[in-house]
Amino acid sequence: MHGDIGWITGHSYIVYGPLSLGTTTVVYEGTPNYPDAAGRGRIAERLGVNIFHTSPTAIRMLRRSAPTRPAQ
């Protein structure tokens with residue numbers, strides 16, 4: 001996991017790196033648990049996301065609200 005877009009590393013991992021490789025980036029703005037803790041997972045599944053970068057703070061918050069791992 002790497003920093004989110006607000007961190008100094010976020011710009012490289014989320015914007016510049018993918019663009020330089022010709023890939024597509026999905027940027028989600030909002031709280032990690034809206035409309036519920038599985039919201040980001042549903043977005044990633046629907047759009048076919050295969051790499052998910054987020055901040056450690058978001059991971060800790062999601063683990064508190066949904067302590068079980070999603071189905072693989």
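Which element gives the largest share of the lining of the second largest pocket? Hold that thought while we get our bearings. This is a predicted model, where local features need pLDDT of at least 70 and side-chain atom pairs count only at pLDDT 80 or more, while totals for chains, interfaces and linings use all residues. Residues are numbered from 1 along each chain as its sequence is written, and side-chain values use heavy atoms, with hydrogens and water left out.

Start with the fold. The protein chain has 3 helices and 0 strands, and reads α-α-α along the sequence. Helices here are DSSP runs of H or I with at least four residues, strands are E runs of at least two, and numbering goes from the N terminus. Of the 72 residues in the protein chain, 18% are buried. Buried means under 20% relative accessible area, exposed means over 50%, and partly exposed is in between, with a 1.4 Å probe and protein chains only.

Now for the pocket. The second largest pocket has a volume of about 760 Å³, and helix 1 supplies the largest share of its lining, with 4 residues. Helix 1 and helix 2 are the elements that give two or more residues to that lining. In total 27 residues line the pocket, and Thr25, Val26, Val27, Ile51 and His53 lie nearest its centre. The lining splits into 14 nonpolar, 10 polar and 3 charged residues. (A pocket is an open set of points on a 1 Å grid over the protein atoms alone, where a 1.4 Å probe fits, with protein on both sides within 12 Å along at least five of seven lines; lining residues have an atom within 4 Å of a point.) The volume is the space filled by probe spheres set on the points, which are joined across faces, edges and corners.

Finally, helix 3 (residues 56-65) holds Ile59, partly exposed at 27% relative accessibility. The C-alpha atoms of Ile59 and Pro32 are 8.6 Å apart. Arg64 is also in helix 3, and is exposed at 65%.

Terms used
Ala, Val, Leu, Ile, Met, Phe, Trp, Tyr, Cys and Pro count as nonpolar, Asp, Glu, Lys and Arg as charged, and the others, Gly among them, as polar.
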